[in-house]
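Colleague: I would like to learn how to read a model like this one. Please take me through it feature by feature.

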Amino acid sequence: MSYLETARRVYRDAAAHVEKTLCCVPSAPFRLPGLAIPRAMEEMNYGCGTTVHLQDLSPLGDVLYLGVGSGLEALQFAYVTRRPGSVIAVDAVPEMIAVARRNLLEAVRENAWFRAEFVELLEGDALALPLPDARVDVVAQNCLFNIFTSDDLDHALAEAARVLKPGGRLVLSDPICERPIPDRLRADERLRAQCLSGARPLDEYLDRVVRAGFGTIEIRARRPYRVLDRRRYGVETDLVLESVEAVAVKTPAPADGACVFAGETAIFVGAEEAFDDGRGHVVPRDVPLPVCRKTARAFRDLGRADLIVTPPTWHHSGGGCC
Ligand SMILES: C[S@@+](CC[C@H](N)C(=O)[O-])C[C@H]1O[C@@H](n2cnc3c(N)ncnc32)[C@H](O)[C@@H]1O
């Protein structure tokens, strides 16, 4: 049996009854005016963060949601799109699709604005998407890609890039690890399916996203997720997992590399009104300018006392130097 089949079995079980500790992170319940989330949908939230970032939602075209789970985020996207077929939600596990369908029908009863046709549920695999090229404006996945081995992750990212329109956005939420997870745990199909041992260090994760054709990435959040501790997992020292939320834009990367925004800013405090690096970056005096990691590094390397670069906050919500 392949690890992908193990993952299907794990989610068949997780569709049958709520698994309270599967994937979740501490976060406040997502509330929007007029949006009622059915209880069963909220209880079966198997995401490790969110892919629904309000600042990105207008204008919002068609959304492809990978790994529908209970249907929670598909409903949240539909809250914004409100058109028949505007959210396409794919899942490889028929039992999970049945749960999402049931929850979405309950959402129709609880939300006057919502119609079941807004979300199209499709059985399918993130590794072979049942959609034509350049079909959607947004692809979102929450806590699915980390399950994949490296080759399959590259494949899933290539599929996401294929079905996105140029300039489209891939919204990601996945566990990451502070140092590589031992091979013994990575090979454990059940732990991997439970989003506990497939995570990668952030830089490797982002490199793979960039290589799939995403030239700009914005890190929206990093949160504590789990610890693979010595007692239960037999690691030498406790291994901390976080979850990362990121938005990747399908644009060509500049010749000197992709722009990854991680919440760093440049603040100019010199005598002039602005600092101009002659490479397209102008930092006005006293006003923090969000800079990508590449520009932050280049500015630090200048060693100027009047150009301060703040450390990454890992919370960037748009705008900036590039
Ligand atoms: C960790 S759950 C996340 C569910 C949902 N995204 C959420 O945030 O609650 C992973 C989901 O991916 C689905 N899945 C597993 N393997 C898949 C694959 N190869 N292609 C598409 N979906 C898959 C599972 O059935 C499950 O619904």
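Modeller: Start with the elements: helices (H or I, at least four residues) and strands (E, at least two) are DSSP runs, numbered from the N terminus. This is a predicted model, where local features need pLDDT of at least 70, side-chain atom pairs count only at pLDDT 80 or more, and totals for chains, interfaces and linings use all residues. Residues are numbered from 1 along each chain as its sequence is written, and side-chain values use heavy atoms, with hydrogens and water left out.

Colleague: Where is F118 found?

Modeller: F118 lies in the loop between helix 4 (94-110) and strand 3 (119-123).

Colleague: Is F118 buried or exposed?

Modeller: First the cut-offs. Buried means under 20% relative accessible area, exposed over 50%, and partly exposed in between (1.4 Å probe, protein chains only). F118 has 3% relative accessibility, so it counts as buried.

Colleague: Which residues does F118 touch?

Modeller: Contact means heavy atoms within 4.5 Å. Leaving out residues up to four places away in sequence, F118 touches A78, R82, R83, P84, G85, S86, V87 and W113. For scale, F118 and L228 are 110 residues apart in sequence and 40 Å apart in space, C-alpha to C-alpha.

Colleague: How do I read aromatic pairs?

Modeller: A pair of aromatic rings is described by the distance of the centres and the angle of the planes. Here, rings of Phe, Tyr and Trp (its six-membered ring) pair if their centres lie within 6.5 Å; planes under 30 degrees apart count as stacked, over 60 as edge-to-face and the rest as tilted.

Colleague: How many aromatic pairs does the structure hold?

Modeller: The structure holds seven. In one of them, the rings of F268 and F275 have centres 6.0 Å apart and planes at 40°, so this pair is tilted. F268 has 0% relative accessibility and counts as buried. F275, at 7%, counts as buried too. Elsewhere, ring pairs link Y79, W113, F114 and F118 into a cluster.

Colleague: Which charged end sits over the ring of Y79?

Modeller: The test has two parts: NZ of Lys or CZ of Arg must be within 6 Å of the ring centre and within 35 degrees of the ring normal. Over the ring of Y79 sits the charged end of R82, 4.8 Å from the ring centre. R192 places its charged end over the ring of Y3, 5.7 Å from the centre.

Colleague: Now the strands. How do I read their pairing?

Modeller: Two strands pair if DSSP finds at least two bridges between them. Strand 1 (residues 63-66) and strand 4 (136-142) run parallel, joined by four bridges. There, L66 has Q141 of strand 4 as its bridge partner. Strand 4 also runs parallel to strand 5 (164-177), with six bridges between them. A140 is bridged to V171 in strand 5.

Colleague: How does the chain cross from strand 4 to strand 5?

Modeller: The chain passes through helix 5, and this β-α-β crossover is right-handed. Right-handed means that, with the strands pointing away from the viewer, the path from the first strand over the helix to the second runs clockwise.

Colleague: Why is strand 4 said to be largely enclosed?

Modeller: Six of its seven residues are buried, so the rest of the structure largely encloses strand 4. Strand 5 is also largely enclosed, because 11 of its 14 residues are buried. Nine bridges join strand 5 to strand 7, and these two run antiparallel. I176 stands opposite E242 in strand 7.

Colleague: What about the helices? Which residues of helix 8 are buried?

Modeller: In helix 8 (residues 202-211), L202, Y205, L206, R208 and V209 are buried. They span an arc of only 155° around the axis, which puts them on the same side of helix 8. That arc is taken over the directions from the helix axis to the C-beta atoms. D203 and R211 are exposed on the other side of helix 8. The elements packed against its buried residues include strand 4, helix 5 (150-163) and strand 5. Just after helix 8, G213 has a positive phi of about 110°.

Colleague: And which residues of helix 10 are buried?

Modeller: In helix 10 (residues 293-302), they are K294, T295, A296 and F299. Their cover includes strand 8 and strand 9 (274-276). Just after helix 10, G303 takes a positive phi of about 65°.
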